[in-house]
Amino acid sequence: MELKVKILKWSAGAPVAMMNEETANKLGVQIKDRVSIKTLSGRPKEIFTIVDIVKGLVKKNEIAISSELKKIISLRLGQKVDVNLALSPNSMIFIKKKLMKEQLSQKEINEIIKDVVNNSLSESEISVFISAMYEQGMSLKETIYLIKAILKYGNQLKLRNKLVADKHSIGGIPGNRTTPIVVSICAAAGITMPKSSSRAITSSAGTADVIETVASVDFSIKELKKIIRKTGACLVWGGEIGLVPADSRIIRIEKLLKIDPEAMLLSSIMAKKLAMDADYIIIDIPYGKTAKVDKQNAIKLKRKFEILGKVFKKNVEVFLMEAKEPMGTGVGPALELIDVIQVLDQKQRGPRDLEKKSLFLSGKLLEMTGKAKKGKGILLAEKILFSGRAYEKFKQIIKAQNKDPKVKDIEKLFKSIKPAKFKHDIFAKRSGRIIEIHNSKINSLARAAGCPVDKFSGLQIFVSLEDDVKKGDKLMTIYSESKIRLKNAVNSYYATRPIKIK
């Protein structure tokens with residue numbers, strides 16, 4: 001049926017459409033059914049979407065679309081499109097096959113990822129796929145197929161630079177915000193660092209969430225190349241660029257489910273690195289009792305990343321580091337950014353654990369790319385950081401990514417960063433020694449306070465493992481944009497006790 005596009009100032013968080021009840025009856029469409037929307041141009045584009053049925057808001061000859069749908073296939077107000085009831089996609093057969101512990105072929109995984117990208121699969125159907133990966137696992141061969149499929153149905157950044165490098169952490173450790181520091185040091189050394197970062201899945205912040213506090217992370221490929229030509233680096237989110245759109249959509253649903261299947265973790269990281277044209281890749285795997293993975297699983301992941309590096313002909317080095325507690329002092333986008341700035345700006349005293357790890361990873365990348373001799377990478381990284389060159393590079397990147405014309409002075413922008421207005425201090429109820437600062441409980445606590453959506457919410461932690469404290473010493477401050485969220489977070493602290501004193 002031919003209908004006119006109606007564009008509402010409406011964001012649903014996902015591509016959805018609305019249809020008049022009478023029109024829906026003619027098409028045989030019911031609420032939450034899937035429809036196909038196809039343009040009528042010489043080179044037609046097609047997208048699938050879930051539809052809602054309404055009275056009055058949409059005329060009989062119209063289909064109203066969300067802003068997400070408009071963006072995907074560039075629909076215009078009044079444009080005529082062909083709308084039909086869509087059948088259940090074949091990829092559901094393959095998802096059910098995975099649920100039954102069967103191996104999937106490259107063709108079958110391609111079909112699933114294609115349907116994820118063109119919106120043929122609903123969020124609930126993608127949830128089944130994620131659950132199948134989580135419960136049944138995927139072989140290394142299937143993981144390779146998944147990486148290839150994610151790359152196939154997305155854009156790729158072709159830079160043609162000789163030294164293109166990237167760094168990624170599997171996450172899970174609060175405050176582990178080494179990426180902006182590593183990117184700044186290595187870009188200042190002349191390495192091209194196009195960093196496409198994730199938003200938080202199960203943690204309190206991802207690098208994209210942190211950078212978004214002071215700059216945009218959403219750019220087109222053309223805009224991205226301009227930033228990289230100007231600064232030699234970027235710190236962006238891959239979702240807007242369309243580099244790995246399947247990954248972005250799957251991650252959004254993983255966040256709702258609060259699960260991160262190993263195969264998707266491997267595929268997500270490798271696909272992003274390959275899409276950004278990186279030849280030299282460092283993977284940071286923090287492990288521990290309260291981290292995302294224990295040592296045994298960290299070793300398995302390391303081997304798999306190394307194999308994937310060989311399969312895709314990339315120079316990949318993986319580093320395992322025990323993480324018994326959060327890094328830095330801040331947890332949450334703005335508070336972690338403050339830690340990053342304090343490390344980069346040598347006039348300030350930033351957290352030494354964050355500085356030390358960032359220098360180690362930067363040094364290894366400088367050695368891998370030939371910028372430093374073996375064993376001399378950390379010395380060069382220190383020279384770049386302590387001279388202020390890394391801080392100047394970071395400011396240059398933030399300025400290039402800042403779309404607010406009113407922002408002229410980047411240092412003034414940095415100084416304006418303040419935590420959320422509502423706060424609650426947590427004090428030690430007894431004297432003793434800090435024997436545990438539980439990583440996953442700290443992440444959950446920060447999320448209860450509003451992270452990562454509320455950029456200025458989060459935690460300031462004033463103690464470290466093995467510290468001696470006295471009764472009444474301040475352990476932590478919880479910040480939130482909402483009194484209700486703050487109250488919930490405080491209750492969560494006392495219910496879970498993420499900091500233990502003995």
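Biologist: What is the volume of the largest cavity?

Modeller: In this predicted model, the largest cavity has a volume of about 410 Å³. With a threshold of 30 Å³ or more, the count comes to one cavity.

Biologist: What makes this space a cavity, and which residues lie nearest its centre?

Modeller: The space is called a cavity because a 1.4 Å probe fits at its points but cannot get out. Its lining consists of 31 residues, and those nearest the centre are His168, Ser169, Ile170, Gly171 and Ser198. Strand 7 (165–169), helix 7 (179–188), strand 8 (193–197), helix 11 (245–257) and helix 12 (262–275) are the elements that each give two or more residues to this lining. Helix 12 gives the most, with four residues.

Biologist: How do the residues of this lining divide into nonpolar, polar and charged?

Modeller: The lining of the largest cavity has 10 nonpolar, 14 polar and seven charged residues.

Biologist: Why is asparagine 176 called buried?

Modeller: Asparagine 176 has a relative accessible area of 5%. Buried means under 20%, and asparagine 176 is therefore classed as buried. This residue is found in the loop between strand 7 and helix 7.

Biologist: Which residues does asparagine 176 touch, not counting residues up to four places away in sequence?

Modeller: On that basis, asparagine 176 touches Ser169, Asp284, Pro286, Met327 and Lys357. Each of these counts as a contact because heavy atoms lie within 4.5 Å.

Biologist: Why is proline 419 called partly exposed?

Modeller: The relative accessible area of proline 419 is 28%. Buried requires under 20% and exposed requires over 50%, with partly exposed in between, so proline 419 is partly exposed.

Biologist: Where is proline 419 placed, and which residues does proline 419 touch?

Modeller: Proline 419 is in the loop between helix 18 (410–415) and strand 13 (422–427). Leaving aside residues up to four places away in sequence, proline 419 touches Leu335, Phe456 and Tyr479. The C-alpha atoms of proline 419 and aspartate 339 are separated by 12 Å, and these two residues are 80 residues apart along the chain.

Biologist: What is known of the second largest pocket, its volume and its lining?

Modeller: The second largest pocket has a volume of about 440 Å³. It is lined by 19 residues, of which Thr202, Lys258, Asp260, Ala291 and Lys292 lie nearest its centre. Helix 12, helix 13 (295–311) and helix 19 (439–449) are the elements giving two or more residues to this lining. The largest share, four residues, comes from helix 19. By class, the lining of this pocket has seven nonpolar, seven polar and five charged residues.

How values were computed: Residues are numbered from 1 along each chain as its sequence is written. This is a predicted model: local features need pLDDT of at least 70, side-chain atom pairs count only at pLDDT 80 or more; totals for chains, interfaces and linings use all residues. Side-chain values use heavy atoms; hydrogens and water are left out. On a 1 Å grid over the protein atoms alone, a cavity is a set of points where a 1.4 Å probe fits but cannot get out, and a pocket is an open set with protein on both sides within 12 Å along at least five of seven lines; lining residues have an atom within 4 Å of a point. Grid points are joined across faces, edges and corners, and a volume is the space filled by probe spheres set on the points. Ala, Val, Leu, Ile, Met, Phe, Trp, Tyr, Cys and Pro count as nonpolar, Asp, Glu, Lys and Arg as charged, and the others, Gly among them, as polar. Buried means under 20% relative accessible area, exposed over 50%, partly exposed in between (1.4 Å probe, protein chains only).
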